[in-house]
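Biologist: Could we go through this structure together? I would like to begin with one loop and then move on to the overall fold.

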Amino acid sequence: QVPLVESGGGLVQAGGSLRLSCAASGSTFSFNTFSWYRQAPGKQREWVAHVGGGGGTAYTDAVKGRFTISRAKNTVYLQMNSLKPEDTAVYYCRVSGFDSWGQGTQVTVSS
């Protein structure tokens, strides 16, 4: 297991921006893939984006062109621009190879 701590969520108006952070502790994760997921009320948790150890990234279609995932050492970031009400969810990060979830960070986008 790896402790994960997400932060940076909040309440923002549609069209605004937020930057989420997730810090992983306990080891070095240079070769692991970091992923962001989100879970909206009444919906299943869904994958949002990931960044591999080599820096390659991928995004779900709903956030392409608006969200940017990046990493530095054991921290992964999610820059979220042009936010929409449908982006409202609890956001979680995950490290490949570990069955761990953090507490998540709430993102609320008002219309």
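Biologist: Where does Ser82 lie?

Modeller: Ser82 sits in the loop between β8 and β9. Strands here are DSSP runs of E with at least two residues, helices are runs of H or I with at least four, and both are numbered from the N terminus. Please note that this is a predicted model, in which local features need pLDDT of at least 70, side-chain atom pairs count only at pLDDT 80 or more, and totals for chains, interfaces and linings use all residues. Residues are numbered from 1 along each chain as its sequence is written, and side-chain values use heavy atoms, with hydrogens and water left out.

Biologist: What is the phi of Ser82?

Modeller: Ser82 has a positive phi of about 50°, although it is not a glycine. Most residues other than glycine have a negative phi.

Biologist: And how exposed is Ser82?

Modeller: Ser82 is partly exposed, its relative accessible area being 41%. Buried means under 20% relative accessible area, exposed means over 50%, and partly exposed is in between, using a 1.4 Å probe and protein chains only.

Biologist: Changing topic, how many helices and strands does the protein have?

Modeller: There are 0 helices and 10 strands, and the pattern along the sequence is β-β-β-β-β-β-β-β-β-β. The radius of gyration is 13 Å, close to the 13 Å that the globule rule gives for 111 residues, so the protein is as compact as a globular protein of that length. That radius is taken over C-alpha atoms, and the rule is 2.2 Å times the number of residues to the power 0.38.

Biologist: What does the C-alpha trace span along its principal axes?

Modeller: The C-alpha trace spans about 40 × 25 × 20 Å. Of the 111 residues, 44% count as buried. Among contacts with a separation of 6 or more, 53% come from residues 24 or more positions apart; contact means heavy atoms within 4.5 Å.

Biologist: Which residues touch the most other members of the largest nonpolar core?

Modeller: Trp36, Leu78, Met80 and Tyr91 do, in a core of 28 residues. Such a core is a set of buried Ala, Val, Leu, Ile, Met, Phe, Trp, Tyr and Cys residues joined through side-chain atoms within 4.5 Å. The strands that each supply at least two residues of this core include β3 (18–24), β4 (34–39), β8 (75–80) and β9 (89–95).

Biologist: What is Leu78 in contact with, beyond its neighbours within four places in sequence?

Modeller: The contacts of Leu78 include Leu20, Trp36, Val48, Phe67, Ile69 and Tyr91.

Biologist: What about Gly65, buried or exposed?

Modeller: Gly65 counts as exposed, at 85% relative accessibility. Gly65 is also in the loop between β6 and β7.

Biologist: And where does Gly16 lie?

Modeller: Gly16 is in the loop between β2 (10–13) and β3. Gly16 is buried, with a relative accessible area of 18%. Not counting residues up to four places away in sequence, Gly16 touches Met80, Asn81, Ser82 and Leu83.

Biologist: Finally, in which strand is Thr108 found?

Modeller: Thr108 is in β10, residues 105–110, and counts as partly exposed at 28% relative accessibility. Thr108 touches Gly10, Leu11, Val12 and Thr88, not counting residues up to four places away in sequence. Thr108 and Val12 are 96 residues apart in sequence and 6.3 Å apart in space, C-alpha to C-alpha.
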